[in-house]
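Have a go at each one before you read on.

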Amino acid sequence: MKIDNKFWLKNLARNGIALIFVFALGIFLTNSVSIAQEENAEEVETEITEKDNSDDPNDNLLVINENASKEELLEQIEKLDIYVPDNISSYEEYVTFFEKRQTTMINLYELLLKKDISFEEKSTVLSSYIETLSVSPVNDTEKRLEILDSLIQEMETQMNDEIRHLYYNAKAVFYLLQIVVLIEETESTTLDADPEVEQAQTAVLKEKAQPIVNELKQFAFDHSDSAYQIVGFFVDRLEYLGVPDDLNNEIRLDISQTFQESGNEDLIKAANYIEGPLRFKNLAGNDLKMEGVTLDGTEIDWESYRGKIVLVDFWATWCGPCRAEIPNMLSQYKKYHEHGFEIIGYSIDNDVDELRNFVEKEKTPWTIISETLSVEKEFSPISDYYGINSIPQMILVDKEGKVIETDIRGNRLNKLLRKLIPAAKKVLPQEDVEFF
């Protein structure tokens, strides 16, 4: 079963893991390149050993000098982290560059870890190395497993509170890469293969992966107070590395069922997080769970919204894309509120005072639920319940409380509201604002 590179790339972009995608998006918009027209990027060789033939002088950032000093390596990493070639004009070209960039970064981190660097420097490099490994398909996965295993053993001999967080993430990636190796060793099939073949492949992979999953579960049991971090880091990155959906779901269900039956409060909390994305995938056409405490300290009465079209917006004041949506949301609210349209903002801000100040300054007219206040009143975070780890996430709910759409904003929201609230057409102008 072949790892789908374009799947992890699109998913990575959606969740904002790498800021470099923002720069690429600007290039694509400038050149009017449609991603939808570039669906078949070819596989590329990602190991970089020599300079590409290019006119761009910064292409030497992709060249690895084995004899570079610590300072030179750190400078190269800093520059490469924000570098995008000027001559990229298509999705295919960007996929090629991004794979080269990620592999180069991994190699640079590995070189740095061999240098005589301070504990603080090593912790920073190791954190970046683990994160990059966890979101980027790489060549020589088995080689990376050996390096990671050696680093894990070293951390185990120097364990302290500062190392512990890195150690848990490193172990999660170690189990994750073992599953990737299994996928790489399995006979490749195309993404549109016969469903029965795909199902059989998944069953074989699940059987082979079970010992690895069992080891992960045991590690989480042994460190149950950090199970949320360990397993959360693991499952969140299954998709980034192209683990097929069916296998991803099987692994999630296996871990979740074991933890739910454990009776351990920490493990049950982790299980609820694991199940979140599965609940979210099945939301369309089903009831949306919504509870919590509003900024005025009262509990939301979700049932009182029956009979109305409701937009539930998961957001935060520090989220730029979330704030960029507010003008359009306000425009739609003014148009349709009298005709049965409501908005509920579910804020994941930690700082409640900052949230209040923002809402007061912007004169936000709709109800705001604070996740922080809700947790203080012992409500479970709804963002965890549905596995929402990227914002803004806007969910549209019908008059019966059933979910219509799980990711709707901009013009798509505007057009759908006109269909859902036809009575408003008689009194409202039909202008549209273009959103990208």
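**Exercise 1.** Work out whether H4 passes H6 in a left-handed or a right-handed crossing.

*Solution.* Start with the handedness rule: left-handed means the near helix is turned anticlockwise from the far one by less than a right angle, right-handed means clockwise. By that rule, the crossing of H4 with H6 is left-handed. Next, the geometry: the axes of H4 (residues 91-113) and H6 (residues 141-157) come within 13 Å and cross at roughly 35°. Axes here are lines fitted to C-alpha atoms over the stretch in contact, with angles from 0 to 180 degrees between N-to-C directions. Helices are DSSP runs (H or I, at least four residues), numbered from the N terminus.

This is a predicted model, where local features need pLDDT of at least 70 and side-chain atom pairs pLDDT 80 or more, while totals for chains, interfaces and linings use all residues. Residues count from 1 along each chain as its sequence is written, and side-chain values use heavy atoms, leaving out hydrogens and water.

**Exercise 2.** Find which residues of H6 are buried, and explain why they sit on the same side.

*Solution.* Buried means under 20% relative accessible area, exposed over 50%, partly exposed in between (1.4 Å probe, protein chains only). First, list the buried ones: Thr141, Arg144, Leu145, Leu148, Leu151, Ile152 and Met155. They share a side of H6 because they cover an arc of only 130° around the axis, taking directions from the axis to the C-beta atoms. Then check the other side of H6: Glu146 and Thr157 are exposed there. Finally, the buried residues pack against H4, H5 (119-135) and H7 (161-185), with contact meaning heavy atoms within 4.5 Å.

Note on methods. Helices (H or I, at least four residues) and strands (E, at least two) are DSSP runs, numbered from the N terminus.
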